[in-house]
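Have the model on screen while you read along.

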Amino acid sequence: MLQFLADAATATPTGMGSYLVLLVVMIGFFYFIMIRPENKRKKEAEQMRSALKVGDRITTIGGITGTVVHVKDDKFVIESGADQVRIEFAKWALSTNESAAEAAQEAAKKAQEEKAKAKAAKKAEKANKDKR
């Protein structure tokens, strides 16, 4: 460590600049590989928790599944099992929202179908132009 400081103190400006560039590159690498994806996951989880509504089928972080019957500011109540047991959880305990995931899949499927229809219509229009 002392040798590094001694070398840095006697280093030429270009030598110290290379250390600085290396440090900036390492920080950038860690930001894009580790920090940014984690912040994105946190944001998506917070959006999922804030979009929770009555009737959603959910799973908690403890593995309990059920249907949401009541939503408060920072808590929600689910109904689980055939006995219709109601349990209150904090919103941070929400792991997945199957209802929202299914709705997102259906929306993506509809968008893909619309894109395919538009592409087929464009292809048919081009074929009609070529016939003329």
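**Entry 1: a tyrosine to begin with.** I looked up Tyr31 and found it partly exposed, with a relative accessible area of 38%. For my notes, buried means under 20% relative accessible area, exposed over 50%, and partly exposed in between, with a 1.4 Å probe and protein chains only. Tyr31 lies in helix H2.

**Entry 2: ground rules.** This is a predicted model, so I kept to its limits: local features need pLDDT of at least 70, side-chain atom pairs count only at pLDDT 80 or more, and totals for chains, interfaces and linings use all residues. Residues are numbered from 1 along each chain as its sequence is written, and side-chain values use heavy atoms, with hydrogens and water left out.

**Entry 3: the fold.** I found three helices and five strands in the chain, in the order α-α-β-β-β-β-β-α along the sequence. Helices (H or I, at least four residues) and strands (E, at least two) are DSSP runs numbered from the N terminus. Of the 132 residues, 14% count as buried. The chain exposes about 10,800 Å², and carbon and sulfur atoms supply 60% of that. These areas come from the Shrake-Rupley method with a 1.4 Å probe; for residues, only the protein chains shown count as cover.

**Entry 4: the nonpolar patch.** Which residues make the nonpolar surface patch of about 920 Å²? I listed Leu22, Met26, Phe29, Phe30, Tyr31, Phe32, Ile33, Met34 and Ile35. Patch residues have over 30% relative accessible area and no salt bridge; like charges are joined within 9 Å, nonpolar side chains (Val, Leu, Ile, Met, Phe, Trp, Tyr) within 5 Å.

**Entry 5: rings.** I counted three aromatic pairs in the structure. In one of them, the rings of Phe29 and Phe30 have centres 5.8 Å apart and planes at 70°, so the pair is edge-to-face. Tyr31 and Phe32 are also edge-to-face, because their centres are 5.1 Å apart and their planes stand at 80°. Rings of Phe, Tyr and Trp (its six-membered ring) pair if their centres lie within 6.5 Å; planes under 30 degrees apart count as stacked, over 60 as edge-to-face and the rest as tilted. Phe30 is partly exposed at 39%, while Phe32 is exposed at 52%.

**Entry 6: the core.** The largest nonpolar core has eight residues: Leu52, Ile58, Val68, Phe76, Ile78, Phe89, Ala93 and Leu94. A core is a set of buried Ala, Val, Leu, Ile, Met, Phe, Trp, Tyr and Cys residues joined through side-chain atoms within 4.5 Å. I then checked Phe76: leaving out residues up to four places away in sequence, its contacts include Leu52, Ile58, Val68, His70 and Leu94. Contact means heavy atoms within 4.5 Å.

**Entry 7: salt bridges.** How many salt bridges does a search of the whole structure find? It finds five, each a side-chain nitrogen of Lys or Arg within 4 Å of a carboxyl oxygen of Asp or Glu.

- Glu38 meets Arg41 at 3.0 Å, N to O; both lie in helix H2 (residues 13-50), three residues apart, about one turn of the helix.
- Asp56 meets Lys53 at 3.4 Å, N to O, and Asp56 is buried at 3%.
- Glu88 pairs with Lys72, the closest N and O atoms being 2.9 Å apart. Glu88 sits in strand S4 (residues 85-90) and Lys72 in the loop between strand S2 (65-71) and strand S3 (75-80), so the pair ties together parts 16 residues apart in sequence.
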